[in-house]
Amino acid sequence: MDVPESAKGPAVDPAKGYRLQDLGEGLFVITDNAYQSMFLVYETGVVVVDAPPSFAGHIRQAIAEITLKPVTHLIYSHSHLDHIGGAKGLGGHPVIVAHEETRRLLVRANDPNRPVPAVTFRDRFTLRAGSRILELSYHGNAHEPGNIFISVPASKTLMVVDVICPGWMPWRRLSLAEDIPGYFAQVEEIRHLPFDTLVAGHVARTGTKADVELQSEFLKDLKLAAGQALNTTKPGEGMDPRDMANPWALFDNYTDRVMVQCVNTLTPKWSTRLAGFDAFIWDQCYAMEQSLRGD
């Protein structure tokens, strides 16, 4: 299906390989229109949040467009390689800050490209960089343990990675959420936080309150559709009797029919409202069905 205009962002200069967006008060987004990072310039240095390997080689170049000050701090949103795998390439010796769960996972990963953070916290942490303030907070497991909220109040900006996808269907299986009830809860928490701009870590543009409301509405419809499909689909109905002795085949047939009903219920309303609906709606219905049965 065509990508709706509402999901698209400004073009990336192919000669540079990245795009800068000024969020005000010294805060900037850097993106290749697939991944997003941000950096905050203060009196004597720069704080970087995440270093995706897809454009990490350009982060210093992007910063140099704004300032020649050194990178003094690096914040990890969470442990996943696709968001912080370029950390080592930043060079220098920035102080790395992350949640304690992220540290635990990175110690286990033992990846030289993702150095273990030196500063960790459990619930909340205020990073003061000169006169600038970043508020870090942890809201439990959803996408993965240690995935934090990063707020820059002066810029009215909130960064939460791999939870909201502005204008788009979430990545498959609700952005690979490890805890689906926790994922739903975090979307509702984000809805009630004060911000104007959401940096979501992915897609071609930053988000707004309206994007969060739209995803919340979709998730409520998804849960309702999957629940109704579970309650009205009978195991084994219409199967070849010769397959009934195979419990794996029986269950596979059942979950497939639940997903078909879930997808058919959601398609009229949502197929043109969220980009990528056709790519991942089956995954979302499967993840929701599994969560409703197990969680």
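**View 1. Helices α5 and α6 are roughly antiparallel to each other.** Under the convention used here, angles under 35 degrees count as roughly parallel, over 145 as roughly antiparallel, 65 to 115 as roughly perpendicular and the rest as oblique. Please keep in mind that this is a predicted model: local features need pLDDT of at least 70, side-chain atom pairs count only at pLDDT 80 or more, and totals for chains, interfaces and linings use all residues. Residues are numbered from 1 along each chain as its sequence is written, and side-chain values use heavy atoms, with hydrogens and water left out. Helix α5 covers residues 180-191 and helix α6 residues 209-232; they pack at an angle of about 150°, with axes 9 Å apart. Axes are lines fitted to C-alpha atoms, for helices over the stretch in contact, and angles run from 0 to 180 degrees between N-to-C directions. Helices (H or I, at least four residues) and strands (E, at least two) are DSSP runs, numbered from the N terminus. The crossing of α5 and α6 is left-handed, that is, the near helix is turned anticlockwise from the far one by less than a right angle.

**View 2. Side chains where α5 meets α6.** From α5 come Tyr183, Phe184, Val187, Glu188, Ile190 and Arg191, and they meet Lys209, Val212, Glu213, Gln215, Ser216, Leu219, Lys220 and Lys223 in α6. Contact means heavy atoms within 4.5 Å. The residues of this contact of α5 with α6 divide into six nonpolar, two polar and six charged. Here Ala, Val, Leu, Ile, Met, Phe, Trp, Tyr, Cys and Pro count as nonpolar, Asp, Glu, Lys and Arg as charged, and the others, Gly among them, as polar.

**View 3. Helices α5 and α8 are roughly perpendicular to each other.** The axes of α5 and helix α8 (residues 277-294) come within 10 Å and cross at roughly 110°. Ile180, Pro181 and Phe184 of α5 make the contact with Ala287, Met288 and Ser291 of α8. By residue class, the contact of α5 with α8 has five nonpolar, one polar and no charged.

View 4. Rings of Phe, Tyr and Trp (its six-membered ring) pair if their centres lie within 6.5 Å; planes under 30 degrees apart count as stacked, over 60 as edge-to-face and the rest as tilted. This rule gives six aromatic pairs. Phenylalanine 28 sits in strand β2 (residues 27-31) and phenylalanine 39 in strand β3 (residues 36-41), eleven residues apart. Both phenylalanine 28 and phenylalanine 39 are buried. Buried means under 20% relative accessible area, exposed over 50%, partly exposed in between (1.4 Å probe, protein chains only).

**View 5. Phenylalanine 121 and phenylalanine 125 form a stacked pair.** Their ring centres are 6.0 Å apart, with the planes at 25°. Phenylalanine 121 is buried at 5% relative accessibility, while phenylalanine 125 is partly exposed at 23%.

**View 6. Glutamate 25 and asparagine 110 have positive phi.** For glutamate 25, which is not a glycine, phi is about 60°. Glutamate 25 lies in the loop between β1 (19-24) and β2 and is partly exposed, with a relative accessible area of 46%. Asparagine 110 has phi near 50°; the loop between α3 (100-109) and β7 (119-121) holds asparagine 110, which counts as exposed at 64% relative accessibility.
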